[in-house]
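User: I'm new to this one. Can you walk me through it?

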Amino acid sequence: MTSSPPAWLADAVLYQIYPQSFADSDGDGIGDFAGIEQKLDHLAWLGITTIWINPCFTSPFHDAGYDVADFLTVAPRYGTNGDLAALVDSAGRRGIRVLLDLVAGHTSDQHPWFTASAGDPGDHRYIWAPEDLRPPGYQPSPGSRPGWYRPNFFPSQPALNFGYARADPGEPWRLPVDAEGPRANRQALRDIMDHWLALGLAGFRVDMAASLVKDDPGHVETAKLWTELRGWLDGAHPQAVLLSEWGDPGTAVPAGFHGDFFLQFGGDDDGLPLRSLWNNDAGTVSEEWAPARPYFDAEGAGTPQTFLTAWRAATDTIGDAGFAVLPSSNHDFSRLACGPRTAEQLPAAFVFQLTWPTLPAIHYGDEIGMRYLPGLPDHEGSVLGPRYNRAGSRTPMQWDSSTNAGFSTGPADRLYLPLDPDPDRPTVAAQRADETSLIHLVRRLIALRKATPELGASAGVKVLCAGYPLVYVRGSRYVVVVNPGRTPATATLPAEVRCSALEASGVTITDSGDIGAAGFGYGVFEVE
Ligand code: NOJ
C-alpha cells in the first residue's frame, strides 16, 4: 500500500503551460522561462497553485520536446538551467509550485544513450531486434550496430528498455525487467528526478507512464516499477508528486502515482469518460476516438453518466491514496472552445471542473476561452493523422490587443504557431477589465474552492440529478447545478431547503426546492 500524497496536493489548482506558446520575453517568437516568470503575478491573481511545464529539455523538437536529447539540461530556446531555477524561486515566493514533464518511456534518437547503443551490440538501454528479423514498426539502426530498434511513439523516439513482462521464443531479444539495461534505465529515472527536485521543482507529470514494461498484461510489471520508484520518492523527496499520463486513475494511482489524468484515451473505455464529457471532434481525435456527443453539448444530446460511472469506479478504487485529475483540455486534444461549442457554453464547464472532487487542470488559455484552431500546418510533430492535428491546442497565448496579442514582439511569421486570426479573439487584458468575463468567473470559482474545503478534491459528493441539469451536493451543504444545454431545464431537490447563491447565472432554487436552470445556466449554492 502506498503512502498518502503530500497534503498540498489536495488543494492544488493545476495550470498547464506549453512553454513555447505562453510568453516570449526575447522576441524570437518562442516562449521562454523569463516570459513565464513575467506572468507569475497574473497566475497568482488567478489563484493557480501549481504549474506543469511541458518538456523544456534539450531536444531536436521532432515531437515538440517529447524527444529528449539531454534530460538534465534545458533547451536553449527557453533559457538556461539557471533561468529555470530563477522561475521556480519566483513562483515559490508567490506560493506556486512547478512540475516538469518526465518523459520516462523513450528518448530522442539524438540522445547520447541512443547513439552509443546504436554503435554497441552489447548495450541494452534500448530494445534491439537482430538484423535478420524486423518486427512490425521497428526502425533501422542508424549506427554501426546491425538490426532494428523499437520506437515508443514517433520513429525518432526509441523506447527505453524497461524489459518485458514475459518471454516469447519468437522474440529472443526480450529481456526481463531486472536485466542490466532495464535496471540502468530505472536508476536513470531516479537520477533525473533527483537532479530537478534538488532545484526546487515540486514533481513531475510523467509522459506515457503506462508504456514502460512491454507486453505487460494488466500493466502488472509497470505498476511494480512505479511502486518501487514511489517508495524511493517517499523517502528521498516526500513532498514531491508524480502525476501520470495514463488515462486510467483507478489503475495508475494504485500503481504508485499521486494522481492521474482522465484523458481522451486510457482505461477500460479507452478515454470515453472524458470524451463523453467535453472533448469535441474538432480535429484532435483519431478515427477510433471519434466521440459520442459530449455532455457539454448545446443540443443536450449527451449524458454525464459515462463520466460519473467511471469517476465513481476510479474513486472507489483509489480511496485516499491519490486523485483523479480532470483537465479542461491539453496539448494533445481539443480545447474546451472547439468545434460547435461557443463562449456562452464555457462557464458551466468550469463550474463543473472547479466544484467536482477531482484535481482541476486548466490548459493555458482555456480560462479565457481560447479557441482550438483547426487546419494548422504540421509543426514539430503536431499532426498525428488526417483527423488528428494537435497544433490547434498549442497556439500562442492571447494576452492583450498589442502586436501578436502580447505574446511576442517578434515578427508574426516567426511565432511558434500562428495566432487565432479572429479580430474578436479573447484576451487576458480585456477579460481582466470585465468582471463579467470568463476569467473572473474562473478566478472566483478557484477562490471559492480554496475557501470551502467541501467543494475541494477530498470532500464527498452526492449526485441528485444526472441529466440536464446536473445537480449534486458537495459535502454537507453545497448544491451545484449546471445545465450545459441551451434548452431551459428543471429539477427538484429531495427536501425543502433554503439555498443562497454563492455564484450563479440563470439558475434559481425556490424554498420548496424547485430548480430552474436557463440554457447554459450554472449555480453554486449554500444551504442555509
Ligand atoms: C504524450 C504527450 O502528451 C504527447 O504530446 C507526445 O507526443 C507523446 N506522449 C510522446 O511522448
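Analyst: What follows goes through the domains, the ligand and the cores. Keep in mind that this is a predicted model.

User: Ok, which domains does the domain assignment give?

Analyst: The assignment gives domain 1 (7-105 + 182-451), domain 2 (106-159) and domain 3 (461-527). The contact between domain 1 and domain 2 takes 23 residues from domain 1 and 18 residues from domain 2.

User: And how far apart are the C-alpha centres of domain 1 and domain 2?

Analyst: Those two centres lie 30 Å apart.

User: Where does the ligand lie?

Analyst: The ligand lies between domain 1 and domain 2, because both give residues to the shell around it.

User: How many residues surround the ligand, and which are the closest?

Analyst: There are 13 residues around the ligand, and the closest are Asp 63, Asp 207, His 331, Asp 332 and Arg 390. By type, the shell has 3 nonpolar, 3 polar and 7 charged residues.

User: What about Asp 332, how far is a polar side-chain atom of it from an oxygen atom of the ligand?

Analyst: For Asp 332 that distance is 2.4 Å. A polar side-chain atom of Arg 205 lies 3.0 Å from a ligand oxygen, and for Glu 245 the value is 3.5 Å. On its own the ligand has 300 Å² of accessible area, and the protein covers 97% of that.

User: Switching topic. In the largest nonpolar core, which residues touch the most other members?

Analyst: Tyr 15, Phe 22, Met 193, Trp 226 and Phe 352 do, in a core of 136 residues. There is also a second, separate core of 12 residues, with Val 473, Val 479, Ala 491 and Ala 517 among them.

User: What does Phe 22 touch?

Analyst: Leaving out residues up to four places away in sequence, Phe 22 touches Tyr 15, Ile 17, Ile 36, Lys 39, Leu 43, Tyr 364, Met 397, Trp 399 and Phe 407.

Terms used: Residues numbered from 1 in each chain as written. Predicted model: local features only at pLDDT ≥ 70, side-chain atom pairs only at ≥ 80, totals over all residues. Heavy atoms only, no water. Core = buried A, V, L, I, M, F, W, Y, C linked by side-chain atoms within 4.5 Å. Buried < 20%, exposed > 50% of the residue type's maximum accessible area, 1.4 Å probe, protein only. Contact = heavy atoms within 4.5 Å. Near = heavy atom within 4 Å. Polar contact = N/O pair within 3.5 Å; in protein donor to acceptor, adjacent residues only side chain to side chain. Areas by Shrake-Rupley, 256 points an atom, 1.4 Å probe, with all protein chains shown as cover. Nonpolar A, V, L, I, M, F, W, Y, C, P; charged D, E, K, R; others polar. Domains from an automatic or database assignment.
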